[in-house]
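Here are a few notes to read alongside the model.

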Amino acid sequence: MKTLVLFSSANKQGNTAKTIEHIAADHTVEVVDIDLLIITPYRYENRYPADDFYPLVEKMLASDNIVFASPIYWYSVTAPMKALIDRMTELLDVAELKPKARALKSKRGFVLTSSGKQAICPIFHSFFEGLFRYFNIEYAATLHAACNSGYSIDSKEVSLFNQALNNR
């Protein structure tokens, strides 16, 4: 199974990056740092300059598993991750892109995050539940690193997440 990790964080060697390493140790993953991409914000008129959005969509479509990896900032994802997710709306707005949106239905969605709390923020979690439901992506698993007292991740949770990446 091909796994694509869409990574965004203000700290490239921070807790979310460490958490990605836990899954990359057991799986072949392609990590895309979306902070380095140019993704034009969503526009209602759906006119965009050439940017990195369409090539990224093709990578998503070529993958079985799509992992959204972002720390939790103010109950939400990073600004670049939010811009990507907003822009995904275009896939359902433009008739010639709708087949791509429909093709996301065969994908499995994962969330990987870290925060200063012991448990994942329910607002953050429901954000992804809504996103995956909107695109009919199967919500397969979540992995959260608690960083309220230094970096901490439950090895059982890592194991369950890794199993979910392999299961179809």
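A word on terms before we start: a residue is called buried when its relative accessible area is under 20%, exposed when it is over 50%, and partly exposed in between. Please also keep in mind that this is a predicted model.

1. **Lys59 and its partner.** Lys59 makes a salt bridge with Glu30, and their closest N and O atoms are 2.4 Å apart. This pair connects distant parts of the chain, since Lys59 sits in helix α2 and Glu30 in strand β2, 29 residues apart. Glu30 is partly exposed too, at a relative accessible area of 26%.

2. What else is linked to Glu30 and Lys59 in a network of salt bridges? Lys2 is, so the network is made up of Lys2, Glu30 and Lys59. The count of salt bridges in the model comes to nine.

3. **Two further salt bridges.** Arg87 and Glu90 meet through their side chains at 2.8 Å, N to O, and both of these residues are buried. The side chains of Arg108 and Glu138 also form a salt bridge, here at 3.8 Å. Arg108 belongs to strand β4 (residues 108-115) and Glu138 to strand β5 (residues 138-146), so this pair ties together parts that are 30 residues apart in sequence. Arg108 counts as buried at 4% relative accessibility, while Glu138 counts as partly exposed at 42%.

4. Which residues of helix α2 (residues 53-61) are buried? They are Phe53, Leu56, Val57, Met60 and Leu61. Looking down the axis of α2, you will find these buried residues within an arc of 145°, so they line one face of the helix. Their packing partners are the strands β1 (3-7), β2 (29-33) and β3, together with the helices α3, α4 (90-93) and α5 (98-103).

5. Ser8 is worth a look in the loop between β1 and α1 (15-24). Is Ser8 buried or exposed? Its relative accessible area is 0%, so Ser8 is buried. The Ser8 side chain has a polar contact of 2.5 Å with the side chain of Asp35 and another, of 2.4 Å, with that of Thr78. Beyond its neighbours within four places in sequence, the residues in contact with Ser8 include Ile34, Ala69, Ser70, Pro71, Pro80 and Met81.

6. **A nonpolar surface patch.** Tyr73, Trp74, Tyr75 and Ile123 make up a nonpolar patch on the surface, and together they have about 550 Å² of accessible area. Tyr75 is placed in the loop between β3 (65-69) and α3 (79-87), and Trp74 is found in the loop between β3 and α3 as well. Trp74 is exposed, with a relative accessible area of 79%.

7. **Backbone angles to check.** Most residues other than glycine have a negative phi. You will find Asn46 in the loop between β2 and α2.

Methods:
Residues are numbered from 1 along each chain as its sequence is written. This is a predicted model: local features need pLDDT of at least 70, side-chain atom pairs count only at pLDDT 80 or more; totals for chains, interfaces and linings use all residues. Side-chain values use heavy atoms; hydrogens and water are left out. Patches are made of residues with over 30% relative accessible area and no salt bridge: like charges are joined within 9 Å, nonpolar side chains (Val, Leu, Ile, Met, Phe, Trp, Tyr) within 5 Å. Accessible areas come from the Shrake-Rupley method with a 1.4 Å probe; for residues, only the protein chains shown count as cover. A salt bridge is a side-chain nitrogen of Lys or Arg within 4 Å of a carboxyl oxygen of Asp or Glu. Helices (H or I, at least four residues) and strands (E, at least two) are DSSP runs, numbered from the N terminus. Buried means under 20% relative accessible area, exposed over 50%, partly exposed in between (1.4 Å probe, protein chains only). The arc is that of the directions from the helix axis to the C-beta atoms. Contact means heavy atoms within 4.5 Å. A polar contact is a pair of N or O atoms within 3.5 Å; within protein, one must be able to donate a hydrogen and the other to accept it, and residues adjacent in sequence count only if both atoms are side-chain atoms.
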